[in-house]
Amino acid sequence: MQISDLIYIGHLWEFVAAFLAGINYKKFKGSKEKYFLHFLWFTLVIDLIGDVLGDFYEVENYFIYNLYMLVSFPFFYYWYFSILKKRTHKTYVVILSSVFLIAAFWNLIVQSWEVYHKYTFVTGALFTLTCAIFHFWQLLNSDEILEVKYKLSFWISTGLLLFNMGMIPFMLLSEYFDFSTNAYYFFVIIGLNLILYGCYSLGFLWVKEKYNRS
Amino acid sequence: MGQGEVQSFLIVFSVIALSLAVTVVVLFVLFQKRKNRLLKQRAMDKEAFEKELSETQIEIREETLRNISWELHDNIGQLMTLAKIQVQMEGSGNPQLDEASETMGKAIQELRALSKLINPEALKSLSLAEAVQLEMDRFNRMQFLKASLEVKGDSKPIDPKEEIILFRILQEFFSNTAKHSKASELRVLLSYTDSYLAITAKDNGVGFEQKRDAYSGIGLKNMRNRAKLVNAHLELFSEKNEGTQLKMTYNFVD
């Protein structure tokens, strides 16, 4: 077993979160978070396809992840757009999404499809962070703060905030380290995945129907 | 991977881990603080609402009493006076009718006294001691218990609105004494000092077992709620066959 095989553990967290989302689906199907069920399974399928292509057919599989980013980040933005209530926040989300899409398509055109488009990721992650902070601001200024533990959107935002905060510096520093042979890199990735999907899982476990209606 | 690279990697790793931890702590503290503030706010709102509710209840009660007082005084009182005159005209010289007329006269007097004691407007013009004295007189006239009032210290003016509430608390106590206690004696002491007024009311009746009797239900709760409304401290002591005692302290300055 190679060190890079550890990445499968990350997929295991993903599966746990998607599974918990499935069995608790009826508790949040009335909310704006309901599409996270489909999104998590979609992510899992993409990762598995990436693994199959990369590990079995030994194809350069970065293009899958580059395309995936074009789905995942806009998905988050769309979700935040629908749950944020302040008009200015919504406007910012629209602006950020447009900037992200332009950057992402630009990278698809000018960069090779055989490398990971890390600047697309960094842009997307930064904007997701911003959206998460908007959402926290909204929660802090509403009565919902009393039942925050039962709110799925809180846990998803916490997960996204921590994951992206950790990932951004790693992506930016990846030029200076040779991550492909570095075991620590995998630990960090797995750790951050654990945080992200751990937060999702907590959210799906604790979600209560009456606090998650849209 | 070189030694230096591992080192700088570890530094970056630590910085990231630390900032994640700080973020979690900050988020937690921020949410907790906000939550506590909101809970406090809610508790305060609830208290304000309850106070409002008590005040409204009292207002409604006073309004009802005012109407009854008017009815007693203007309607029934007039009718009784008319009846008395009719009896007098009919029966001058007839001792039985004279006696009836005298009884009617007493009834009219009682009616007027009662009407005065339940009318908030009339009470406003009386001091607490005067109002209590009227109530005591009423009991003495009815002759089923011996009531007395003692005032110590120099009486001080009290906000009429609060005075009525204090008086209503005492009335509640008196009516319980009259209805349930089988007491033969009722004593009230108003003791004024510079900073507070101590009110003690005591009967020598059958008393009740605290916490068990029905008496400690709605009536007592009402008394407590009203006392809270004027920031008075209220205590009720009772034991089976030992009588009942009410102690209330009203502060002149908050």
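The model shown is predicted.

Begin by selecting residues 244–251 of chain B, which form strand β5. In a regular strand the side chains alternate between the two faces of the sheet. With side chains displayed, B:T244, B:L246, B:M248 and B:Y250 are seen to point to one face, where they are buried.

Within the pairing, B:M248 of β5(B) has B:I199 standing opposite.

Then select residues 232–238 of chain B, strand β4, which runs antiparallel to β5(B) and is joined to that strand by 7 bridges. Here B:Y250 in β5(B) is the bridge partner of B:A232. Strands β4(B) and β5(B) form a hairpin with 5 residues between them. In this hairpin, select B:N241, whose phi is positive, near 65 degrees.

**Chain A: helices α4 and α6**

Turn to chain A and select residues 62–83, helix α4, together with residues 118–140, helix α6. Their axes come within 10 Å and cross at roughly 15 degrees; the two helices are therefore roughly parallel to each other. The crossing of α4(A) past α6(A) is left-handed.

To view the contact, display residues of α4(A) including A:N66, A:F73 and A:Y80, and residues of α6(A) including A:T120, A:C131 and A:H135. The residues of this contact comprise 9 nonpolar, 5 polar and no charged.

Methods
Residues are numbered from 1 along each chain as its sequence is written. Chains are lettered from A and ligands numbered from 1 in the order in which they are written. This is a predicted model: local features need pLDDT of at least 70, side-chain atom pairs count only at pLDDT 80 or more; totals for chains, interfaces and linings use all residues. A residue is buried if 20 or more other C-beta atoms lie within 10 Å of its own, exposed if 12 or fewer, and partly exposed in between; C-beta atoms are placed from the backbone. Helices (H or I, at least four residues) and strands (E, at least two) are DSSP runs, numbered from the N terminus. Two strands pair if DSSP finds at least two bridges between them. Axes are lines fitted to C-alpha atoms, for helices over the stretch in contact, and angles run from 0 to 180 degrees between N-to-C directions. Angles under 35 degrees count as roughly parallel, over 145 as roughly antiparallel, 65 to 115 as roughly perpendicular and the rest as oblique. A crossing is left-handed if the near helix is turned anticlockwise from the far one by less than a right angle, and right-handed if clockwise. Two residues are in contact if their C-beta atoms, placed from the backbone, lie within 7 Å. Ala, Val, Leu, Ile, Met, Phe, Trp, Tyr, Cys and Pro count as nonpolar, Asp, Glu, Lys and Arg as charged, and the others, Gly among them, as polar.
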